[in-house]
Amino acid sequence: MRHTLFAQGKRGEGMILVVGPLGAGKLDYVKSLGYEDADIAPGVLDERPVINDAQNWIWAENGACQELVARLSRKEVVICREVGSGLIPMDAEETAKRRLVGHVCNCLAQEAVEVVRLICGIPQRIK
Amino acid sequence: MNILITGGAGSGKSTYALQCLRGLPGPRYYAACMKPADAAEWAAVARNRRERQGMGITTIETYHCAGLLAIEPGASLVLECLCNLLANEMFGGRNADVQAADRIEESLLRLAATCGDLLVVTNEIGGDGVAYDEDTMAYIQALTRLNRRLAQAFDQVWELVCGIPCLRKGNEVKA
């Protein structure tokens, strides 16, 4: 039901960006689009069409924003946790890590055919 | 019109606020409240100032409310950001100043009444589930309450998500 209500894109039409805080229901939403566990790579970039916890991959790579965006854009679905809504850390490196995830998501959103934001399990299509 | 712009770190709030300000009638002001603490922050201040050059925007570096009161009536103003302004007002002295948030609210409501358009950039800071020390918790409480108060008083509230402005209050007309 949620699929027909909110997801306008179809597999293969372009990348869908799914964001939301921890526990907001991002993974359940992506499964509701027809993806199975075997399609979903946890924090790694491989042949599977979906990457979950993209923020962990971004931090592990810690590269230039544009390069990270180019590599993530090739996925069918990118699931990324929103990590910028906490107190701004005293540690500059921690601050930079959160901002990097924010900036990568801003650029991914421009590339995406669709951006879906989850709150309390409720998907909102914001692009 | 008075507008509150919120969102997480790196969500595109500044870019959106500046984009709005460029389309507003002059005189246009940008009040920067961040007190640079290290070389990286000084570099950020210089970069942001350069970015605004040529946009017809006058930058005011102001770390306290008092610096905002000189802005002429009818001006368009972006204030960035509430979290820095509150930190400066609250933690300037030996002890945390519990009156700081009230002082800021009063100043901003006065500005809202006199400015042509006022855009206040704030932050979402309550979303990390971490228990901090007493002063820090008081700061989070004060900022989130200030956000709620301004949201109630202002015409529009936007939340930036992945650089996309999402309207949370008001009608979808540009400032």
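In chain A, helix 4 passes helix 5 in a right-handed crossing. A crossing counts as right-handed if the near helix is turned clockwise from the far one by less than a right angle, and left-handed if anticlockwise. The helices here (H or I, at least four residues) and the strands (E, at least two) are DSSP runs, numbered from the N terminus.

Before going on, a word on the model and its labels. This is a predicted model, in which local features need pLDDT of at least 70 and side-chain atom pairs count only at pLDDT 80 or more, while totals for chains, interfaces and linings use all residues. Residues are numbered from 1 along each chain as its sequence is written, and chains are lettered from A and ligands numbered from 1 in the order in which they are written.

**Helix pairs**

Back to chain A: helix 4 (residues 65–72) packs against helix 5 at an angle of about 50°, and their axes are 9 Å apart. Axes are lines fitted to C-alpha atoms, for helices over the stretch in contact, and angles run from 0 to 180 degrees between N-to-C directions. That angle makes helix 4 of chain A oblique to helix 5 of chain A. Angles under 35 degrees count as roughly parallel, over 145 as roughly antiparallel, 65 to 115 as roughly perpendicular and the rest as oblique.

Which residues make the contact between these two helices of chain A? Helix 4 of chain A contributes A:Cys65, A:Leu68, A:Val69 and A:Leu72, and helix 5 of chain A contributes A:Leu100, A:His103, A:Val104, A:Cys107, A:Leu108 and A:Glu111. Two residues are in contact if their C-beta atoms, placed from the backbone, lie within 7 Å. By class, this contact of helix 4 with helix 5 in chain A has 8 nonpolar, 1 polar and 1 charged residues. Ala, Val, Leu, Ile, Met, Phe, Trp, Tyr, Cys and Pro count as nonpolar, Asp, Glu, Lys and Arg as charged, and the others, Gly among them, as polar.

Chain B has a helix pair to look at too. The axes of helix 4 (residues 100–114) of chain B and helix 5 (residues 134–153) of chain B come within 10 Å and cross at roughly 20°. That makes helix 4 of chain B roughly parallel to helix 5 of chain B. Among the residues in this contact are B:Ile104, B:Leu108 and B:Leu109 of helix 4 of chain B, and B:Leu146 and B:Leu150 of helix 5 of chain B. The contact of helix 4 with helix 5 in chain B has 10 nonpolar, no polar and 3 charged residues. Helix 4 of chain B passes helix 5 of chain B in a right-handed crossing.

**Each chain as a whole**

From the N terminus on, chain A runs α-β-α-β-β-α-α-β-α-β-β. Along its principal axes, the C-alpha trace of chain A spans about 45 × 30 × 25 Å. For chain B, the C-alpha atoms fill a box of roughly 45 × 35 × 30 Å, taken along the principal axes.

**Where the chains touch**

How many residues of chain A are in contact with chain B? In chain A, 22 residues are in contact with 20 residues of chain B. Helix 5 of chain A gives the most to the side of chain A that touches chain B, with 9 residues. That side of chain A divides into 11 nonpolar, 6 polar and 5 charged residues.
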